[in-house]
Amino acid sequence: MGITNSGKTLSTDRIDCGGTFQVELSLTAAPDIVSNPTDIVLVLDRSGSMAGSALQNLKLGAKTFIDIIADATGGTQDGQIGFGSRIGIVSFASTATKDTELITSVADLKSAVDALSANGQTNHADAFTKAVELLTPPSGNARVIVLFTDGETTTGANPSPVAAAARASGIVIYAIGLSGENGVDVAALEDWASKPPSAFVAITPDAGELEELFAELARNITKPGATDIRIDEVLNDCFEIVSLTAPTKGTASMTGVRSLRWEIDELGVNASEGASLTFTVRHSGACSGTVEVNADVTYSDQQGNQVTFPSPEITVDCGTVVMPEPCPTPIEIAFDGCEDAIEFDAGALAMQSLGRILQLSVTLQNVCPKRRVALAAIITELDEHGIEHQRGLKTVTIPAHDHPTCRDVLVRCLKFVLPEDLDVSGRDDAICNDRKFKARLIAHYIDNDFACCDIVL
C-alpha cells in the first residue's frame, strides 16, 4: 500500500509581522497486505524425511510466518489476522490434508502446525490440489501458496500441470526447499513457483535457517510501506526556519535558512505506522496578507510512492504597510567629445536612516604580474539564532601590477553601509545594539594567457 496519508498543518492561521509558528509534517505508511487482503495457504511437507529437528524447525518457521502476517494486519492484540486476510494450513506426505480452512485465529493456526508429525512419502501434486481447493472459488482477496518441501516427488501425479494451472488462475506460488539427506529438486521448485525464481524460490541446506526464510518471505508478502524516505522542504521567501524538533522517526536537519531534509529508513514495514516532524518558522520577509508557507516539498522513497503534501496558508498581519523608497531617480551625466574629466554637481541627498560603516582590507597572495583580479566581498549579518541574513555584495577590479614576480597585493577600503533598521540582534530597546557579521571574499584572475594553437590530431 505504501504511504497512506501525508499532511502538513500549522499551529495557527494568523501571526503578526515577525511572528513565529509551528509547522508539522506527517506521514503514515502501511504494509501492502493491509490495503490488499490476502488468502495464504501454507503447504507443509511432513513426509518421513522430515522427522526430528527438521520438522521442529519447520514448525518454528511456519509459526513465525503466521506471527508476522498477524502483526502486519493489526492482530497483535486480539490474536486475529486482520484487514480481511486469512491463512489456511495444508500438510502432505503420501497424501495431502487440509488441516484448517482459511481462518484468522492465530492460536488455531499454530495448533494445526504443532500437531504435524512426520511419516510417509512425498506427494506434491496432491498438496497443490488441496491448496487450490482452499483458494477456490476466489474470494476477491489476493491468493498465495507457500510450499515447503525437503525432497523430490516420490508418489502421486506430476505436480507441474497442477502448479501451472494454479498460477494461470492468478495464484502466486512461493517455494522453500530444504536440501536434506535426499536432496531437493531445485529445478522442479523453480518450475512450480511464480517467476522469476530468484524472487519466489529459496533453498537452504540448514534446517536452522528455516525460521528466517519463513520470516523473510512473510515480510516480502506484507511488503514495507516505504523505505529510504527523503523529504526536502523549502519555505517561501517570506519565512525562515528557527528550530527543529527531533522527528518521531528518522532524522531531520536544516539544509539552509529556509530549507530542511527529513530522512526515514523505513515506515510501515510490519504494521500501519505514522511519523511526524515539527519545526518552528518565523516571518522574516516583506510579504503580508495571506501567503503560502512552503515554496516546494519533494518526496522520494525506494518503492516509488507518489506523495503530495498540502500547502497551507497563513495570514501575516503587519498593520500599516510602509513600502521601501523607490530606486533613486538617476542623474544624467554626459561627457562632450574628448573631455578627459568633468566636475558635476549631483545636488542634495537626504539621509534615509541611521547606519554603520564596515571597511574591509584584504591581502591577495601571489598575484602574478600583468594579471587583473576580480574581487568580491559578501557581507551577512547573524541574528540571535545564528542564522545569516544578506547585507551586501560588492565587486571590484584590482589593477594589474608590473613587478617582475608574483607578489602579495593589499586591497584597502572596501566599504559597506549597514543601516540600523536592518538590525536582527533580537534587541529592540536601543539603536546601538551589538551586531555580528560575516564576510566572505572571492578572488579570481580576469586575464589569462590562453591562446588557440593549430594542432593536427
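**Figure 1. The two disulfides of the predicted model.** The structure holds two disulfides, a disulfide being a pair of cysteine sulfur atoms within 2.5 Å. The model is predicted, so that local features need pLDDT of at least 70 and side-chain atom pairs count only at pLDDT 80 or more, while totals for chains, interfaces and linings use all residues. Residues are numbered from 1 along each chain as its sequence is written, and side-chain values use heavy atoms, with hydrogens and water left out.

**Figure 2. Close-up of the disulfide between Cys238 and Cys287.** The sulfur atoms of Cys238 and Cys287 lie 1.9 Å apart. This pair links distant parts of the chain, 49 residues apart: Cys238 belongs to the loop between β10 (226-235) and β11 (239-244), and Cys287 to the loop between β14 (273-283) and β15 (289-292). Helices (H or I, at least four residues) and strands (E, at least two) are DSSP runs, numbered from the N terminus. Both Cys238 and Cys287 are buried; buried means under 20% relative accessible area, exposed over 50%, and partly exposed in between (1.4 Å probe, protein chains only).

**Figure 3. Close-up of the disulfide between Cys368 and Cys406.** The S to S distance in this disulfide of Cys368 and Cys406 is 2.2 Å. The link of Cys368 and Cys406 is right-handed, with 85° about the S-S bond. Distant parts of the chain, 38 residues apart, are linked by the pair: Cys368 lies in the loop between β18 (355-367) and β19 (373-382), and Cys406 in the loop between β20 (388-398) and β21 (407-419). Cys368 counts as partly exposed because its relative accessibility is 23%. Cys406 likewise counts as partly exposed, at 35% relative accessibility.

Figure 4. Two strands pair if DSSP finds at least two bridges between them. Axes are lines fitted to C-alpha atoms, for helices over the stretch in contact, and angles run from 0 to 180 degrees between N-to-C directions. Strand β5 (residues 86-92) pairs with β6 in the antiparallel sense over three bridges; Thr97 in β6 is the bridge partner of Ser91. Contact means heavy atoms within 4.5 Å.

**Figure 5. Two helix pairs, α4 with α5 and α2 with α3.** The axes of helix α4 (residues 124-134) and helix α5 (residues 159-168) come within 8 Å and cross at roughly 25°. This crossing angle makes α4 roughly parallel to α5; angles under 35 degrees count as roughly parallel, over 145 as roughly antiparallel, 65 to 115 as roughly perpendicular and the rest as oblique. In this pair, His124, Ala125, Phe128, Thr129 and Val132 of α4 meet Pro159, Val162, Ala163 and Ala166 of α5. For α2 and helix α3 (residues 106-114), the axes come within 9 Å and cross at roughly 170°. The two helices α2 and α3 are therefore roughly antiparallel. Their contact is made by Lys59, Ala62, Lys63, Ile66, Asp67 and Ala70 of α2 and by Val106, Leu109, Lys110, Val113 and Asp114 of α3.

**Figure 6. Pairing of strand β17 with β2 and β15.** Strand β2 (residues 14-16) pairs with strand β17 (residues 313-317) in the parallel sense over three bridges. Val316 in β17 is the bridge partner of Ile15. β15 and β17 pair in the antiparallel sense over four bridges, and Glu313 in β17 is the bridge partner of Glu292.

Figure 7. Between β19 and β20 the antiparallel pairing runs over ten bridges, and the bridge partner of Leu382 is Glu388 in β20. Leaving aside neighbours within four places in sequence, the contacts of Glu381 include Arg391, Asp423, Arg435 and Lys436.
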